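Subject: Structure handover

Hello,

Here is the structure I promised to pass on. Please open it and keep it beside this email as you read.

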Amino acid sequence: MAMFWIQFILVLGAVLIGIRRGGVALGLIGGLGVSLLVLGFRTSPSEPPIAVMLIILAVVTASATLQVAGGLDYLVQLTEKLLRAHPKYVTILAPLSTFFLTVCVGTGHAVYALLPVIADVAIKTGIRPERPMAISSVASQMGITASPVAAAVTFFLGFAAKAGYPVTLIDIISVTMPAGVIGLLVAAAWSFNRGKDLDNDPEYQARLQDPEFRKALEVNVTTLDKEISKTAKLSVALFFAGVGTIILFAVCPDLLPLNGEKKPVPMTTVVQFVMLAYGAFIMFAADVKAKDIAHSSVFTAGMIAVVSIFGIAWMSDTFISANKKFLVENIGVMVKMAPWTFAIATFCISAFVKSQAATLAITLPLGLALGLPVPLLLGLVPASYAYFFFAFYPSDLAAINFDRTGTTRIGKYLLNHSFMLPGLIGVSVSTVVAYGISQMIF
């Protein structure tokens, strides 16, 4: 027992230090943790998550190529047209837009270009910007577990295959997509009447007395004046064609050739070569320079995710494999009887890790070791988003900065910020719905 707690403190310390350092530090320190577990405690190292890393590499590279080709700009412009056509419904349409934008491109970082537009539409319509801004930031991250090309979803795909319970992308999305939409709709409905209307907000009205403040509000923010090239539109069509091809193979595996075991090529492999291929199509069609892809924000964020998952998942799996008997004997029964406790643990880890893929890399191997079935773990996937809790995530900070009225903010007591209640409502509802759907389907 003493050895378990020493190793647990080591692993926990490595995670906390990695979080504090940020960026690729989580992966590097995870690798250091593996070294200490193997050389210091003489445990056997588990297999690193190679398949998952390769999937993320392929998807991120294709998404980055889409960004450089101008495809993300085109998607943002289409979304702005929708919001400006129906400004009174911005509190519901904005989060739906950010959610599906993430679903389409596989990363929540695409929301940054849309946030100033959402704030501008709300201000021009007289709607308190906090209402659509906070839930839109939250929804952009909730969309990650519903995207067939997101790191978190591809990680679960690879994890399930390795666990001997292969699930398809269709299985995963059929659970997480409706759960995410229902969760964000409930949170958006709550947001409709949050806070005071601008004309009844004494703090806002007092700030209006400042001529400079009024001048800042009159600035027009739009992407509609940006010219979108034909190749940018073509890049979007090609990217969606890639996603559609993956879904087609997932639905009709008979279209795939057989491998040496007389079985269709695994979907974990299909995702890799299909996304790389369509990334190449986009590169040729839009004449994208390779060096620009490597320097894009999507590519940088994706590579950080790969390194983080490499180290942290490897360390967690090594620790869990070495202590599986102890874990099962001591907490396995409790978790099986009350699986919601595992969802809470996942939520708490995510609040600090600030990555859904990295959170799942830590928790899924533990859940499997405790005897939780893969379908149940799938139902708890939405609980891997909790980094709205401290409101330090870039999309939350961006939402605060882009709200020129100052209604989207972090409160005096840190946790009383604009994102707390929409996040808690959205994640709680989506987790309950996902759990229910997974139990019905499987």
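This is a predicted model: local features need pLDDT of at least 70, side-chain atom pairs count only at pLDDT 80 or more; totals for chains, interfaces and linings use all residues.

**The largest pocket**

Begin with the largest pocket. Its volume is about 780 Å³. The lining counts 39 residues. To find the centre, look for His 109, Ala 301, Lys 354, Ser 355 and Tyr 393, which lie nearest to it. Which of them gives the largest share? That is α15, with six residues. By class, the lining has 23 nonpolar residues, 14 polar ones and two charged ones.

**The second largest pocket**

Now move to the second largest pocket. Its volume is about 660 Å³. Here 29 residues form the lining. Nearest the centre are Phe 8, Phe 319, Ile 349, Ile 362 and Leu 366. Two or more residues each come from α1, α15, α16 (324-337), α17 and α18.

**A helix pair**

Next, find α7 (residues 130-142) and α20 (residues 394-402). Their axes come within 9 Å and cross at roughly 155°. Angles over 145 degrees count as roughly antiparallel, so α7 is roughly antiparallel to α20. The crossing of α7 and α20 is right-handed.

Which residues meet there? From α7 come Met 133, Ser 137, Ser 140 and Gln 141. From α20 come Ser 395, Asp 396, Ala 399 and Phe 402. By class, this contact has three nonpolar residues, four polar ones and one charged one.

**A loop residue**

Last, look at Phe 390. Where does it lie? Phe 390 is in the loop between α19 (374-379) and α20. Leaving aside residues up to four places away in sequence, Phe 390 touches Ala 351, Phe 352, Leu 415 and His 417. Phe 390 and Phe 213 are 177 residues apart along the chain. Their C-alpha atoms are separated by 28 Å.

Best wishes

Terms used: Residues are numbered from 1 along each chain as its sequence is written. Side-chain values use heavy atoms; hydrogens and water are left out. Axes are lines fitted to C-alpha atoms, for helices over the stretch in contact, and angles run from 0 to 180 degrees between N-to-C directions. Helices (H or I, at least four residues) and strands (E, at least two) are DSSP runs, numbered from the N terminus. Angles under 35 degrees count as roughly parallel, over 145 as roughly antiparallel, 65 to 115 as roughly perpendicular and the rest as oblique. A crossing is left-handed if the near helix is turned anticlockwise from the far one by less than a right angle, and right-handed if clockwise. Contact means heavy atoms within 4.5 Å. Ala, Val, Leu, Ile, Met, Phe, Trp, Tyr, Cys and Pro count as nonpolar, Asp, Glu, Lys and Arg as charged, and the others, Gly among them, as polar. On a 1 Å grid over the protein atoms alone, a cavity is a set of points where a 1.4 Å probe fits but cannot get out, and a pocket is an open set with protein on both sides within 12 Å along at least five of seven lines; lining residues have an atom within 4 Å of a point. Grid points are joined across faces, edges and corners, and a volume is the space filled by probe spheres set on the points.
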